[in-house]
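Welcome! Have the picture open beside you and take the topics one by one.

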Amino acid sequence: MNKLYIGNVSAEATEKDFESIFEEKQIPYSGPFLLKTGYAFVDCPDDKAAMKAIDALSGKAELHGKTLEVEHSVPKRQRSCKLQIRNIPPHMQWEVLDSMLAQHGTVESCEQVNTDTETAVVNVRYSARDQARLAVEKLNGSMMESYALKVSYIPDENATEGPSPRRGFNSRGTPRSSSPGMSPRPKGHSDLPLRMLVPTQFVGAIIGKEGATIRNITKQTHSKIDIHRKENAGAAEKPITIHSTPEGCTSACKIIMEIMHKEALDTKFNEEVPMKILVHNNFVGRLIGKEGRNLKKIELDTGTRITISSLYDLTMHNPERTLTTLGPIENCASAQEEVMKKVREAYDSDMSAMSSTMIPGLNLNALGLFPPGASCMGPSMSNMPPGAHGGPSSFGSQQECESVHLFIPAHAVGAIIGRQGQHIRQLSHFAGASIKIAPAEGKDCQHRTAIIVGPPEAQFKAQCRIFSKLKEENFFGPKEEVKLEAHIKVPSFAAGRVIGKGGKTVTELQNLSCAEVVVPRDQTPDENDQVVVKITGHFFACQLAQRKIQEILAQVRRQQQQAKPPGGPGPGPGPQPPVPRRK
């Protein structure tokens, strides 16, 4: 509990800056400051020193124009039920505090922490993770007698002992080390390049005579810059890819903008020269934010005007959207920095989820979910044995199509289809899958069925976009997770393998994926001798469950082929375990 997380750190901050602040406040620290983009870590010798740093610096100390946020560094694996509540009014009655805490769940313990501050500090343990998470959301920043409460997780060592309850998709796997070097962040931010779009007539000025200008930019910003001159012959604009740290990307972007503005003046180019950057469509929804709040804030903070190209401009080979920013060069550079910060957060989140799910049967490089030049984490499953990608009906080759019925809220169908069917056609083209909306089963039906047919990668992309669209269009609340029900069909003789002896396989599958998986009892096989498996959960949970089931089916087929005598019929399915009833 002696490691500290320091947030809201300026890009200009250095290790010496932090050393000076800690020495000025007489706060001991036992190791070097580890600086990251926007945050830092440091070790304190004991709990008392850590608490002193939190009380003296969090929300009070300012560095390069930014107010620091200091709290305990808690690995997500240890963010379970233990919280620390600070800045409690000194004369607050314990009965009032107990009543306030009890509003969010069952409090197992509440202990006061001795500090040198005027206000009180307590460590609280709730009986469940969900209760602790709710308490953080509701209490952090809330006012009590003119005091703003500060609530944060503290490490719960018990959270790493034994299997954790199935409460969230990322609650699986081995415990994470508290060392920042063992952070769940799969790669450094430099893995995500900055992509710009520049007018073709300015490319020569950016390159310079015999490449002198571009070499100077590269050297000055410590970056690698690729100008894709040969792409889209005759196009009015050319893409530029900048590989560097976030700071290096911003510096290179600013220099390129200055060169273009100078060239525009020299050539008497009368039109305004905007800054255009390319952002993968997978990140645009999170960049915009609910009701456009994130983008509006960036515009307001940087004094720029930002527009985003239409979703309908996307193609299978061009999954990027163009962000056009108008304003002075300094303002545009600041906007680029804030935009890419949001994009990198989304990228890191996706990569972390990808690396943790290890979804079998998917070639991640073929998904097209990540920007050009980005390092795609997770193992490529393209070397899976034949049949691993197979569909439920015939367990065919890697390219065989699968069919998934995805149930979406009836009132959201219009958003999925789009005006005159434009969105669903574009989505189908983008994902490489057939997507049809089945007719409503009645006037008062609560859900409509999206029938998606395509190989695993196409299924992933199509379902991902549908889940994202429902969230972006506010069909689910801001703190509500999008959970949908999906149906896939499996041969009736293989249903027992999905369930397992005594329901063991389906239970393990649910624990692994965090999805609810049900094979309804007493189903009558359809004309193709298939039965339905129902999967309910958030996107990655559904995907992992689907792929695991396909993996089981592929194993059944291989075993049948190996056991089949030459020229003779294959073995019968054998006795099947009973199908559990859905509660």
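Leaving out neighbours up to four places away in sequence, isoleucine 288 is in contact with Arg293, Asn294, Leu295 and Ile308. Isoleucine 288 belongs to helix H8, in what is a predicted model.

**Where helices H8 and H9 meet**

- Two packed helices are described by the angle between their axes and the distance between the axes.
- Helix H8 covers residues 281-288 and helix H9 covers residues 293-302; their axes come within 5 Å and cross at roughly 70°.
- That angle makes H8 roughly perpendicular to H9, because angles from 65 to 115 degrees are given that name.
- Which residues meet here? From H8 come Arg286, Leu287 and Ile288, and from H9 come Arg293, Asn294, Leu295 and Ile298.
- By type, the residues of this contact are 4 nonpolar, 1 polar and 2 charged.

**The nonpolar cores**

- In soluble globular proteins, nonpolar side chains tend to be buried together.
- The largest nonpolar core in this model has 47 residues, and Leu470 and Ile549 are the ones that touch the most other members.
- Helix H16, residues 539-563, gives the most to this core, with 8 residues.
- Which residues does isoleucine 549 touch, not counting those up to four places away in sequence? They are Ile488, Val490, Val498, Leu509, Val517, Val533 and Ile535.
- Another core lies apart from this one; it has 42 residues, including Ile259, Met260, Met275 and Val284.

- Most residues other than glycine have a negative phi.
- Glutamate 210 is not a glycine, yet has a positive phi of about 55°.
- Look for glutamate 210 in the loop between helix H5 (203-207) and helix H6 (212-221). With 72% relative accessibility, glutamate 210 counts as exposed.
- Glutamine 420, also a residue other than glycine, has a positive phi near 55°.
- Glutamine 420 sits in the loop between helix H11 (413-417) and helix H12 (422-431). Its relative accessible area is 69%, so glutamine 420 is exposed.

- Where is histidine 411? It lies in the loop between strand E19 (402-409) and H11.
- Histidine 411 counts as exposed, because its relative accessibility is 58% and the exposed class is over 50%.
- Histidine 411 and phenylalanine 475 are 64 residues apart along the chain, while their C-alpha atoms are separated by 8.6 Å.

**The chain as a whole**

- The chain holds 16 helices and 24 strands.
- Of its 583 residues, 48% are buried.

Definitions and conventions: Residues are numbered from 1 along each chain as its sequence is written. This is a predicted model: local features need pLDDT of at least 70, side-chain atom pairs count only at pLDDT 80 or more; totals for chains, interfaces and linings use all residues. Side-chain values use heavy atoms; hydrogens and water are left out. Axes are lines fitted to C-alpha atoms, for helices over the stretch in contact, and angles run from 0 to 180 degrees between N-to-C directions. Helices (H or I, at least four residues) and strands (E, at least two) are DSSP runs, numbered from the N terminus. Angles under 35 degrees count as roughly parallel, over 145 as roughly antiparallel, 65 to 115 as roughly perpendicular and the rest as oblique. Contact means heavy atoms within 4.5 Å. Ala, Val, Leu, Ile, Met, Phe, Trp, Tyr, Cys and Pro count as nonpolar, Asp, Glu, Lys and Arg as charged, and the others, Gly among them, as polar. A nonpolar core is a set of buried Ala, Val, Leu, Ile, Met, Phe, Trp, Tyr and Cys residues joined through side-chain atoms within 4.5 Å. Buried means under 20% relative accessible area, exposed over 50%, partly exposed in between (1.4 Å probe, protein chains only).
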